[in-house]
Amino acid sequence: MSVRELVVLGTASQVPTRHRNHNGYVLLWDGEGLLFDPGEGTQRQMLRAGVAAHDLNRLCVTHFHGDHSLGLAGVIQRINLDRVPHPVTAHYPGSGQRFFDRLRYATAYRETVKLSQEPVSGPGGVLAATPSYTLDARRLSHPVESYGYRLVEPDGRRMLPALLAARGIAGPDVGRLQREGVAGGVTLDEVSEVRPGQRFAFVMDTRLCDGVYELAEGCDLLVIESTFLDEDEGLAVEHGHLTAGQAARVATESGVRHLVLTHFSQRYSDPTVFEQQARAVGFEGELTVARDLMRVPVPKRR
């Protein structure tokens with residue numbers, strides 16, 4: 001059975017706290033693993049969360065501030081130490097190539113795994129297209145070049161039993177119809193409907209901008225930073241971040257089903273306030289205030 005869930009490794013912004021590790025998020029998707037923004041301590045958090053280096057296929061860095069990237073060195077070396085049997089691809093802002101190179105070769109180790117480097121530049125765009133998903137990126141608004149990531153499953157078809165029965169399609173003919181598009185003179189369109197593919201987006205350090213909305217549009221699961229509470233919106237704008245209320249308004253206007261708030265400033269000790277402010281602006285979907293080592297399943301298909 002395929003697994004689609006988010007594993008939260010860390011939720012702190014800028015500096016870790018007693019209860020929050022630096023950033024780190026693993027999206028498990030049909031046998032693949034995408035690691036987003038591995039901050040310091042990510043390798044140990046993976047161990048605690050039950051995520052192995054073998055689970056990782058892609059490393060996706062939004063930008064090269066330390067809380068989003070200092071863990072790259074340890075993760076890359078662990079991938080090689082464990083001799084991960086498949087290639088791994090790294091995506092990151094192209095303007096930070098020098099930082100990626102320093103982290104990749106921070107210390108001596110033996111390279112045993114092919115690590116492909118596919119940096120992002122300009123406004124972003126499609127990074128990968130697989131049978132299970134398309135991964136693309138969008139430019140965000142932060143003091144250093146930053147990108148958000150979006151994963152979209154291709155649309156499928158949902159068979160409609162009543163229409164199949166009405167046209168006498170049953171047994172092996174159903175499978176033939178799905179594979180070939182026609183069986184017994186009946187076309188697939190006549191007995192099925194479009195099943196929208198699932199959508200996931202990862203939005204870190206940014207002010208409100210077009211890229212935020214483009215990434216969030218129609219998402220089943222949106223992971224988004226809410227570094228500040230609404231009363232500190234001035235600080236958020238100054239430092240290139242979002243507030244809890246801003247993140248929730250984005251989710252509301254974009255039709256998000258499950259909103260995950262994360263990347264909290266150390267100045268706040270009560271995480272329930274983030275949920276209160278998100279609800280206060282009218283978000284009515286499922287809402288999670290992220291905690292380290294929690295698992296969040298991708299919502300069932302619409």
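Hi everyone, let's start with two helices: the axes of H3 (residues 72–81) and H4 (residues 97–104) come within 8 Å and cross at roughly 55°. Helices here are DSSP runs of H or I with at least four residues, numbered from the N terminus, and axes are lines fitted to C-alpha atoms over the stretch in contact, with angles from 0 to 180 degrees between N-to-C directions.

A quick word on the source: this is a predicted model, where local features need pLDDT of at least 70 and side-chain atom pairs count only at pLDDT 80 or more, while totals for chains, interfaces and linings use all residues. Residues are numbered from 1 along each chain as its sequence is written, and side-chain values use heavy atoms, with hydrogens and water left out.

Which residues make the contact, meaning heavy atoms within 4.5 Å? From H3 they are Leu-72, Ala-73 and Ile-76, and from H4 Phe-100, Leu-103 and Arg-104. By class, that gives 5 nonpolar, no polar and 1 charged (Asp, Glu, Lys and Arg are charged; Ala, Val, Leu, Ile, Met, Phe, Trp, Tyr, Cys and Pro nonpolar; the others, Gly among them, polar).

Now the pockets. A pocket is an open set of points on a 1 Å grid over the protein atoms alone, where a 1.4 Å probe fits, with protein on both sides within 12 Å along at least five of seven lines; lining residues have an atom within 4 Å of a point. The largest pocket is lined by 14 residues, with Ser-13, Gln-14, Thr-227, Phe-228 and His-241 nearest its centre. Its lining has 1 nonpolar, 10 polar and 3 charged residues.

Terms used
Contact = heavy atoms within 4.5 Å.
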